[in-house]
Amino acid sequence: MLFFLFIYLSALIFLAIMAIPFAGINEQLVLYSTGLFTLVGCYPLVRQFFNRQKGHTSLAIHTPDVVLGLIMIVYTTYGAYMLMEYPLLRTNGTINNESVYKAVWFNSLCLMGFLIGYYQTKKGTSWKIPYIDIYKVKVNETPSMLMSLLLFGLAGKTIIILSGNYYHVGVTSFVPSFPYSTLGGFSSFLPYFSLMSLFSGLVAYNLYRRSGLQFWLVVSILIFIFEVVFELPSGSKEKVIKPLVFLGIYFSIQNSLPLKTGLITFFFAVFFVFPFINLYRSGQNLSFTETADTFLADKADGFAYDDEDNFALARRLNGVGVVASVIDQTPEKFGYRYGTDYLALSYVFIPRFIWTGKPAVMDHNGFARQYGLIAPTDFRTSVSPYWQGEAYMNFGWFGVIVAFLLGVFMKKVYLWFFRFGPPTLMLSLMYIGVLYILSRQSQLPMTLLGMLQVVLVTSFLLLPFVSRRSLKNRPHQNKVTEGHHSAVSK
């Protein structure tokens with residue numbers, strides 16, 4: 001399998017390099033490269049299709065290789081195409097075809113490095129960490145756990161609103177009741193507490209599956225509707241579609257991902273969330289209700305996707321443009337960092353309430369202004385370099401080694417959660433949070449920290465409702481087929 005990957009990548013690179021002397025780096029060559037990248041991104045799904053167990057008709061989208069492949073297809077393939085279609089997306093004016101071409105291939109190498117690291121890591125783990133899978137949620141405590149998660153989630157959301165961190169930058173001039181900094185070292189955990197109400201919806205659905213009572217299905221639906229409605233006025237596209245994404249991952253873990261859920265999520269995001277939020281954040285100073293009235297009036301004749309909607313979607317998913325800007329200006333304008341960004345891994349896990357003066361991993365606003373991704377006078381907007389851009393800023397093309405190591409790490413993470421087959425409900429919630437952090441494509445230190453924080457918060461809140469379970473008759477981990485499990489354990 002690894003030999004096939006090596007030959008496949010070598011052939012793609014050879015074809016792309018041979019085309020340069022004849023055509024130069026033009027739009028056609030960029031689009032050709034993105035097409036090849038799409039094939040690489042789809043490889044994990046194709047691999048699972050041919051390796052699935054007999055009797056399984058669904059594809060597992062909850063494995064890290066599939067998640068990263070699909071996310072990078074969106075940010076790279078679609079992003080590069082839109083850069084060719086909309087020159088205005090080339091924010092600093094220096095992102096030319098050559099920069100985009102290099103960014104596409106660097107992302108390709110990063111994805112291939114991740115997949116090779118992920119697939120070469122065999123089943124079995126030597127991590128000396130607690131086996132949380134020895135605990136299961138007490139059946140009679142599940143409703144109490146649901147209420148606890150819901151209350152903690154609502155409390156987290158309330159604090160986020162009062163501290164002025166609910167609205168997206170540029171949506172409103174809301175004055176917070178108290179500064180976010182007054183929360184001290186606990187502020188970094190707050191977003192994960194707000195996730196708990198979303199987890200309570202998954203717990204309600206789990207209760208429905210176990211008991212068959214329609215009441216729990218209604219509770220689950222109401223919680224998910226609340227999550228979407230609550231996040232709409234915030235102006236954050238990611239937060240609005242997050243409930244449906246979490247539900248899709250949960251279904252996938254159980255091998256029961258409905259096609260309808262996937263299609264509904266896609267059309268909801270593309271034809272409603274992105275154009276609506278774009279209008280809301282368009283600078284016209286419209287209130288939420290005014291935005292809703294204007295949006296419905298504009299779409300009265302149908303939800304056709306116009307050029308303005310397309311541009312808004314492209315601007316949000318222009319991850320390859322950020323990497324292209326980094327490649328274009330590094331090291332000519334800004335020198336390599338030679339791994340200094342990864343020194344944060346030595347202290348990033350120290351809680352801020354212990355080290356109050358802990359430095360930030362990176363000033364995202366400063367990075368965006370420095371690389372010309374936003375106006376020099378914009379001191380509010382933050383742009384992440386993505387972990388791919390971070391790797392290039394530190395090591396150039398050798399940054400693909402970072403992708404390889406990330407692949408090894410994520411395989412270890414996957415095996416820790418799934419090494420005995422069907423995960424417990426507690427483990428399923430943690431794992432969904434971990435995948436969510438990975439899908440955000442943040443810098444590596446922040447990604448690893450976020451994974452740890454979501455596991456700690458979930459463990460802390462669920463431990464009062466769990467008990468030890470019998471370890472007898474569990475399947476040996478080497479007999480578990482990756483990505484396919486019969487159901488989520490209780």
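A salt bridge is taken here as a side-chain nitrogen of Lys or Arg within 4 Å of a carboxyl oxygen of Asp or Glu. The structure is a predicted model, in which local features need pLDDT of at least 70 and side-chain atom pairs count only at pLDDT 80 or more, while totals for chains, interfaces and linings use all residues. Residues are numbered from 1 along each chain as its sequence is written, and side-chain values use heavy atoms, with hydrogens and water left out.

The mean pLDDT of the chain (the predictor's confidence in each residue, from 0 to 100) is 75, and 70% of the residues score at least 70. Helices are DSSP runs (H or I, at least four residues), numbered from the N terminus. Where pLDDT is low, the predicted coordinates should not be read in detail.

Across the whole structure, 3 salt bridges were found. Arg-440 and Glu-238 pair through their side chains at 3.1 Å, N to O. Arg-440 is in the loop between helix H17 (425–439) and H18, and Glu-238 is in helix H9 (residues 237–253), so this pair ties together parts 202 residues apart in sequence. Arg-440 is partly exposed, at 40% relative accessibility, as is Glu-238, at 22%; buried means under 20% relative accessible area, exposed over 50%, and partly exposed in between (1.4 Å probe, protein chains only).

A salt bridge also joins Lys-157 and Glu-227 (3.4 Å, N to O). Lys-157 belongs to helix H5 and Glu-227 to helix H8 (residues 214–231), so parts 70 residues apart in sequence are tied together. Lys-157 is buried, at 4% relative accessibility, and Glu-227 is buried with a relative accessible area of 4%.

Helix H5 (residues 142–162) contains 21 residues and reaches 30 Å from its first C-alpha to its last, close to the 30 Å expected at 1.5 Å a residue, that span being 1.5 Å times one less than the number of residues. Its buried residues include Leu-149, Leu-150 and Gly-153. Contacts of Leu-149 (heavy atoms within 4.5 Å), not counting residues up to four places away in sequence, include Met-196, Phe-199, Leu-429 and Leu-461.

Thr-458, in helix H18 (residues 444–462), is buried at 0% relative accessibility. Its side chain reaches the backbone oxygen of Val-454 at 2.7 Å. Beyond residues up to four places away in sequence, Thr-458 touches Met-196, Phe-199, Leu-429 and Met-430.

Key: Helices (H or I, at least four residues) and strands (E, at least two) are DSSP runs, numbered from the N terminus. A polar contact is a pair of N or O atoms within 3.5 Å; within protein, one must be able to donate a hydrogen and the other to accept it, and residues adjacent in sequence count only if both atoms are side-chain atoms.
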